Amino acid sequence: LPLNARVKGKVVNLADYGAFVELEPGVEGLIHVSEMSWTKRVTHPSKVLEVGQEVEVQVLDIDPANRRISLGLKQTEPNPWEMVRINHPVGSPIKGKIKSITDFGLFVEVEENIDGLVHVSDLHWTKKVRHPSELYKKGEEVDAVVLGIDVDNERISLGMKQLTEDPWSAVPKRYPVGARVRGKVSSVTDFGVFVEIEEGVEGLIHVSQLSTERVDRPSSLYKVGDELEAEVTQ
C-alpha cells in the first residue's frame, strides 16, 4: 500500500469522526470526516457512506508502529478548487448569489458549494460601508471580479468595486492645481474644513487657507452643509 495509491475496500464501521474501511482481511484504514468531501461540510460519515459499501480510496499516510492507515475519499475525485483556478482565473468576472452576509463582507457563490468573499473594503471605492447589509441582501445576484485564489486554504477573494474605475485615479485630471471647484462642507474640525466636491471625494481647506485673517475656530465661519467655492492647491 504505497502512499497515494488508489485501492478499493469495504466500509466496516462508522464513527462520529470517520469511517473504517477494510482493505484486506485484518487490515483497516480510517477515512477521517474531513477527507470525505472537497466542498461539503460533512457532519457525520453516515451522510456520505454506509456500512457494507464498496469504496475507492487513496492512501494518505501509513503508521506501522501504531498500526494506522489514513485514507482519503475526496482525493479520488478532481479537486474542485483546482478547477476554480482554471475556470475563474484572477481578474475574471463572475456572477453569483449572495449566500451570507457578515460584518466583514459578503460570501458569494462562485460554483456549487464554493463561495468567495468580497471583503467590506472591496465593496465600494468611496462609500464608507459600516455593514454590508446597508447595500446588499442575502439571495441577491451580484457581479464581482476574482482578486485571488488560495487552493490550499480553499479561499477565494472577490471584489466588486474593481468592476469600475477608481474615481480617485481621475481626480488629478478633473481637478488640476489652480482649478476652481464648488462643494458642500461635509465636516468641520479644529484644523480645517472638509468639502465634498463629488460623491466620495473630499478636499481639505486647512484653517490657514480659510481667510486672509487669522481664524481660531473654523466653525465660526462654516457649518456642515454650507456651499462654497475653493481653489485646488495640491
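## Overall form

What radius of gyration does the protein chain have, and what would a compact globule of 234 residues have? In this predicted model, where residues are numbered from 1 along each chain as its sequence is written, the protein chain has 29 Å, whereas such a globule would have a radius near 17 Å (taken over C-alpha atoms, the globule rule being 2.2 Å times the number of residues to the power 0.38). Along the principal axes, the C-alpha atoms fill a box of roughly 95 × 35 × 30 Å.

The secondary structure comes to two helices and 14 strands (DSSP runs numbered from the N terminus, helices being H or I with at least four residues and strands E with at least two). Of the 234 residues, 37% are buried, meaning under 20% relative accessible area with a 1.4 Å probe, protein chains only.

## The largest pocket

About 530 Å³ of space lies in the largest pocket, where a volume is the space filled by probe spheres set on grid points joined across faces, edges and corners, and a pocket, on a 1 Å grid over the protein atoms alone with a 1.4 Å probe, is an open set with protein on both sides within 12 Å along at least five of seven lines, its lining residues having an atom within 4 Å of a point. Among the 23 lining residues, Gly203, Leu204, Glu231, Val232 and Thr233 are the closest to the centre.

The largest share of this lining, six residues, comes from β13. Totals for linings use all residues, although local features need pLDDT of at least 70 and side-chain atom pairs count only at pLDDT 80 or more.

Definitions and conventions
Side-chain values use heavy atoms; hydrogens and water are left out. Buried means under 20% relative accessible area, exposed over 50%, partly exposed in between (1.4 Å probe, protein chains only).
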